[in-house]
Amino acid sequence: MYALTVLDHSALEVFRNEHPWLEFPETISEVCVYFDDNGSPTRLTALQTAPGGETVPANVDAFGADIILSLIRYAPQGTAKHEECPEERKIWALLEELPVADGSRPVEDVEAERAEMLQDAYALIHEIALGKLKGLLESAKSPRETHRLTHAIDRLPARLENVDDTHKPQFLEIDLWRFVAVLRDEWAMPADYEIASGDEAEVPSREMIEQAETTALSGPVIQALFDLSPVAFSISSIGQKSSRYVRVNQAYLDLVGKSWDEIGGSEMVASGVVSGSEARTERLMLLDRDGGYTGQRGEIRDGAGNMVPVIISARRISVAGQLYDFEVLQRASGG
């Protein structure tokens, strides 16, 4: 599913009136600005009215940088929508149905079924990727671009197990890497491992948060570590969408320029501090798969809205039967 903003004919008329120096073509009837999971613009498409009166795709590259940047800045004036193709729904449906070994049948059988379903999901992605890359190839405007896209099509792996990080640019160009990354992580997981349990959208009550905080800080050593350390620490619940602050120390609050009243119990991305980037998704996958990581680069947003580069190390810990993510943050040199 892609978030996008649609600037229709009426919105573009206002745009032309407010930006007369750009000489934006009158024939353009609609512009769509697409955004990634971070809210950053990723691509722009447009429709135009042909001489015969029919509506056809427009070449946005012909707009020029000034018009494209102005349209992106103007995008909030449009209508927010979401776009999802049927193939994507099939992929998510397959992922939701992946079996987990529960003891009712041999693990080998479950592993084989998972592998087959993941291959089926990747086959859908492979088909979509080929279609998109061939579409780009048809509109290539230079021999160099033709050669690059032909090479990308030839190198597109036919099977999931053959995908590695060298193929990331090919899938990023056509907005499919997020799917491939999920499939790769699932492929690496054993059948008896579930990344997250329960409903991630469920918001814990204040009582649950306070109980988790008490449990996570029940030891005097942990309490002293939090109170006295100059290094920024945080403890959060686990999950891509349900990671909520359980406890941070004063050094963390100083680093992000926030008070505990502002972020306590908040979902980490929604708090405005943590960036919901692809790099964060990969760090969460390392926690899910390996139980931790060391020295990963990341960014946080401080109270003034500035992006602060940091080095993050983390471990997934179990306290009283509950899983938490324990993070240590240090400001990156030069940040």
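Residues are numbered from 1 along each chain as its sequence is written, and side-chain values use heavy atoms, with hydrogens and water left out. Because the model is predicted, local features need pLDDT of at least 70 and side-chain atom pairs count only at pLDDT 80 or more, while totals for chains, interfaces and linings use all residues.

Helices (DSSP runs of H or I, at least four residues) and strands (runs of E, at least two) are numbered from the N terminus. Helix H5 comprises residues 143–155, 13 residues in total. From its first C-alpha to its last, H5 reaches 18 Å, close to the 18 Å expected at 1.5 Å a residue; the expected span is 1.5 Å times one less than the number of residues. Leu149, Ala152 and Ile153 of H5 are buried, where buried means under 20% relative accessible area, exposed over 50%, and partly exposed in between (1.4 Å probe, protein chains only). These three residues lie on the same side of H5 because they cover an arc of only 100° around the axis, the arc being that of the directions from the helix axis to the C-beta atoms. Pro143, Arg144, His147 and Asp154 are exposed on the other side of H5. The cover over the buried residues of H5 includes helix H4 (107–138) and helix H6 (168–173).

A salt bridge is a side-chain nitrogen of Lys or Arg within 4 Å of a carboxyl oxygen of Asp or Glu. Nine salt bridges are counted by this rule. One of them joins Glu26 and Arg16, at 3.9 Å from N to O. Glu26 lies in the loop between helix H1 (9–18) and strand S2 (28–35) and Arg16 in H1, so the pair ties together parts 10 residues apart in sequence. Glu26 is exposed, at 60% relative accessible area, whereas Arg16 is buried, at 7%. Arg184 and Asp165 form another salt bridge, at 2.9 Å from N to O. Arg184 is in helix H7 (residues 177–188) and Asp165 in the loop between H5 and H6, 19 residues apart. Arg184 is partly exposed, at 27%, and Asp165 is exposed, at 54%. In a further salt bridge, the closest N and O atoms of Lys168 and Glu282 are 3.3 Å apart. This pair links H6 to helix H12 (residues 278–290) across 114 residues. Both partners are partly exposed, Lys168 at 22% and Glu282 at 37%. Salt bridges with shared partners also join Glu13, Arg16 and Glu26 into one network.

His126 is located in helix H4 and is buried, with a relative accessible area of 17%. A polar atom of its side chain lies 3.4 Å from the backbone oxygen of Pro157. Residues up to four places away in sequence aside, His126 touches Leu156, Pro157 and Ala158, contact meaning heavy atoms within 4.5 Å.

A nonpolar core is a set of buried Ala, Val, Leu, Ile, Met, Phe, Trp, Tyr and Cys residues joined through side-chain atoms within 4.5 Å. The largest has 25 residues, and Ile91, Ile125, Phe171, Leu176 and Leu183 have the most contacts inside it. Helix H3 (86–96), H4, H5 and H7 each supply at least two residues of this core. H4 gives the most, with nine residues. Apart from this core lies another, of 23 residues, including Val256, Ile263, Leu284 and Ala314.

Terms used: Polar contact = N/O pair within 3.5 Å; in protein donor to acceptor, adjacent residues only side chain to side chain.
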